[in-house]
Amino acid sequence: MNLEQLLASFPHPVGPLRILIVDDQPVNIRVLHQVFRGEFEVLMATSGEQAISLCQELRPDIVLLDVVMPGLSGHDVCRRLKADPDTRDIPVIFVTSQNQDGDEALGFEIGAVDFITKPINPIIVSARVRTHLALKLQSDLLRTIAMNDGLTKVANRRKFDEELAISWRAAQREGRVLSLVMLDLDSFKQFNDRYGHQQGDACLVAVANALNQSVRRPHDLVARYGGEEFVCILPDTDSQGAIKLAEVMRTAVKALEIEHLDSAAGGFVSISLGIATQIPNTGASPQSLLAAADGQLYQAKRAGRDRACAIEIV
Ligand SMILES: [Mg+2]
């Protein structure tokens with residue numbers, strides 16, 4: 001697959017590809033800029049420090065990195081990028097005038113994917129960059145597919161399990177509150193029986209979109225837990241905040257006005273929600289918080305559906 005085909009394969013739109021060119025000599029940057037400016041978004045840095053902060057802020061898709069620079073060398077920069085989980089997947093190609101074997105071996109050892117020697121040949125540089133961008137996109141695409149639900153495009157169970165563990169540890173470390181919302185579609189079996197599974201799928205997609213749009217902070221996560229069940233992780237959110245968001249979600253789903261004649265909630269598709277909130281302590285686990293949210297969901301069902309129940313664990 002070429003780059004254009006790969007970009008089109010992503011379930012979410014992917015912005016223009018970004019290349020970062022790092023060299024202490026502006027004239028060298030200019031030469032590479034000429035090669036790539038028509039094809040990619042080109043970022044430039046004239047020092048190692050600048051290169052690292054650009055990588056952290058703007059996450060380029062590939063870095064062309066000069067080796068010999070005053071201050072942080074290209075090797076230093078590469079080591080730091082590879083040591084940071086946020087930047088370690090960005091492929092690094094060294095651009096060097098010293099084509100001694102020792103240097104190349106060291107570059108590969110610290111995590112570079114390739115070498116280009118100065119003076120550069122535009123055709124070779126362009127071909128190598130495209131090759132490594134294609135590899136990077138393939139691994140991004142695999143990760144995206146592995147972490148997203150194929151039908152609804154929200155996070156899947158695997159991603160949820162990972163994020164829950166991360167959020168739990170962060171909340172525990174910082175003594176912060178964490179909320180979970182477990183929810184499911186009311187009488188969904190009857191919906192499928194009456195309207196068919198294709199309508200059932202369309203309904204799940206519409207509900208997932210409504211849930212996703214209700215959640216606005218970047219660290220909140222909506223995931224499909226299984227079947228017609230969804231779950232939200234709300235870091236740093238107290239019980240009141242979680243109850244408020246649950247109400248926004250419940251209202252958003254009702255506002256879709258998807259016909260459901262077997263529903264208890266006025267002939268439209270509705271959801272029930274269970275909320276559990278806790279500051280993680282040593283006796284508790286992510287699983288116990290999840291079980292508590294599930295228990296509240298059960299309460300909401302028993303109380304008549306189309307509502308939320310919440311518990312605060314101390
Ligand atoms: Mg240099």
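V22 stands opposite L65 of strand β3, a segment covering residues 62-66, where helices (H or I, at least four residues) and strands (E, at least two) are DSSP runs numbered from the N terminus. This is a predicted model, in which local features need pLDDT of at least 70 and side-chain atom pairs count only at pLDDT 80 or more, while totals for chains, interfaces and linings use all residues. Residues are numbered from 1 along each chain as its sequence is written, and side-chain values use heavy atoms, with hydrogens and water left out.

**Strand β3 and its partners**
- β3 pairs in the parallel sense with β1 (residues 18-22) over four bridges, pairing being assigned if DSSP finds at least two bridges between two strands.
- Four bridges also join β3 to the parallel strand β4 (residues 92-96), where F94 stands opposite L65.
- Five of the five residues of β3 are buried (under 20% relative accessible area, with exposed over 50% and partly exposed in between; 1.4 Å probe, protein chains only).
- I62, L64 and D66 lie on one side of β3 and V63 and L65 on the other; in a regular strand the side chains alternate between the two faces of the sheet.
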